[in-house]
Amino acid sequence: MSMTITGSETALHGRPHDNGPAIIARGLRKTFALPAEDVHAVDGVDLEIARGEFVTLMGPSGSGKTTLLDLLGGLETVTDGELIVLGRDISSARESELVTLRRGRIGFVFQDFLLLPELTAIENVALPATFARRPVDRSTAMAHLVRVGLETRASHLPKELSGGERQRVAIARALAMSTDLLLADEPTGNLDSKNSRDVFALLRELNERDGLTVVATTHDEKLGATADRSVHLCDGRVVM
Ligand SMILES: Nc1ncnc2c1ncn2[C@@H]1O[C@H](COP(=O)(O)OP(=O)(O)OP(=O)(O)O)[C@@H](O)[C@H]1O
Ligand SMILES: [Mg+2]
């Protein structure tokens with residue numbers, strides 16, 4: 001079976017009510033109830049992100065960037081408020097429902113790459129989609145590697161790749177999961193400045209060329225400023 005990897009894939013999976021903004025959050029809250037205290041990690045966020053927008057989340061350590069990104073991607077349940085992601089209201093979704101909602105709709109990229117060390121680059125790209133019951137064949141996985149410029153590294157193990165290349169494999173893996181929305185938490189946190197710029201340039205290219213909506217956290221002001229818009233957080237709230 002061959003699969004297209006462009007926007008037509010979206011059409012094939014028919015998503016109802018899917019023409020509005022990529023993300024709408026209103027009064028969004030996430031509170032972690034700890035024995036000693038409640039931590040208001042996200043404390044009333046109003047945010048709208050258009051389809052095809054490239055947004056960076058910025059702010060000091062502990063300001064709630066990761067928690068907000070996890071909420072947007074359905075990795076955390078919402079404590080309070082409204083959250084609509086790709087046309088679906090996930091405000092009151094339970095953990096088990098979030099798994100289904102994430103499947104094949106949202107791609108994640110993390111600071112630590114999270115590649116499986118014993119699998120080659122191309123196998124790392126293909127594996128999560130298989131777990132998500134949307135298996136991609138080898139040629140599709142290769143096409144995603146081509147998109148990140150790594151076709152010549154397909155059979156390399158992670159340890160045989162540079163840090164920047166590892167992150168590009170992780171981005172290709174995210175693309176295999178979603179051609180709509182890519183959420184990246186400190187994708188350049190483990191990279192030097194040259195590789196960091198390259199990774200952001202790649203995210204920008206995927207955003208402009210393929211219309212991917214990108215939300216990425218970063219501590220780097222310069223990189224943050226390369227996005228269409230930066231949203232600054234402090235103490236779980238959006239600040240100017
Ligand atoms: N699972 C959790 N349980 C309890 N508290 C948490 C949990 N996750 C995050 N927090 C707290 O929520 C707040 C926001 O954390 P978060 O990880 O979102 O910050 P961040 O902006 O991503 O910080 P950094 O820049 O260091 O990555 C912090 O005070 C943190 O200690
Ligand atoms: Mg974080």
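Student: By class, what does the shell around ligand 1 have?
Tutor: In this predicted model, the shell around ligand 1 has 4 nonpolar, 7 polar and 1 charged residues.

Student: OK, and which residues are around ligand 1?
Tutor: The residues around ligand 1 are Phe32, Leu34, Val39, Ala41, Gly59, Ser61, Gly62, Ser63, Gly64, Lys65, Thr66 and Thr67. Two elements, strand S2 (38-49) and helix H2 (65-72), each give two or more residues to that shell.

Student: Which element gives the most to the shell?
Tutor: Helix H2 does, with 3 residues.

Student: Switching topic, what is the mean pLDDT of the protein?
Tutor: The mean pLDDT is 90, and 92% of the residues reach 70 or more. Over residues 1-17, however, the pLDDT is below 50, although this stretch has 23 contacts in the model beyond near neighbours in sequence. Where pLDDT is low, the predicted coordinates should not be read in detail.

Student: Now strand S8, how many of its residues are buried?
Tutor: In S8 (residues 213-217), 5 of the 5 residues are buried, so the strand is largely enclosed by the rest of the structure. Thr213, Val215 and Thr217 point one way from S8, while Val214 and Ala216 point the other way, and all of them are buried.

Student: And which strand pairs with S8 over 4 bridges, in what sense?
Tutor: That is strand S3 (residues 54-58), which pairs with S8 in the parallel sense, and within this pairing leucine 57 stands opposite threonine 217. Strand S7 (residues 181-185) also runs parallel to S8, to which it is joined by 5 bridges, with leucine 182 standing opposite valine 214.

Student: What about helix H6, is it mostly covered or exposed?
Tutor: H6 is mostly covered, since 13 of its 15 residues are buried. The helix spans residues 163-177 and reaches 21 Å from its first C-alpha to its last, close to the 21 Å expected at 1.5 Å a residue.

Student: One backbone thing: what is phi at leucine 86?
Tutor: Leucine 86 has a positive phi of about 50 degrees, although it is not a glycine, and it is placed in the loop between strand S4 (80-85) and strand S5 (88-89). Leucine 86 counts as buried because 21 other C-beta atoms lie within 10 Å, where the cut-off is 20 or more.

Student: And where is phenylalanine 113?
Tutor: Phenylalanine 113 is in the loop between strand S6 (106-110) and helix H4 (121-131). Its phi is near 65 degrees, again a positive value in a residue other than glycine, and phenylalanine 113 counts as buried, with 21 C-beta neighbours inside 10 Å.

Definitions and conventions. Residues are numbered from 1 along each chain as its sequence is written. Chains are lettered from A and ligands numbered from 1 in the order in which they are written. This is a predicted model: local features need pLDDT of at least 70, side-chain atom pairs count only at pLDDT 80 or more; totals for chains, interfaces and linings use all residues. A residue is near a molecule or strand if its C-beta atom, placed from the backbone, lies within 6 Å of it. Ala, Val, Leu, Ile, Met, Phe, Trp, Tyr, Cys and Pro count as nonpolar, Asp, Glu, Lys and Arg as charged, and the others, Gly among them, as polar. pLDDT is the predictor's confidence in each residue, from 0 to 100. Two residues are in contact if their C-beta atoms, placed from the backbone, lie within 7 Å. The expected span of a helix is 1.5 Å times one less than its number of residues. A residue is buried if 20 or more other C-beta atoms lie within 10 Å of its own, exposed if 12 or fewer, and partly exposed in between; C-beta atoms are placed from the backbone. Two strands pair if DSSP finds at least two bridges between them.
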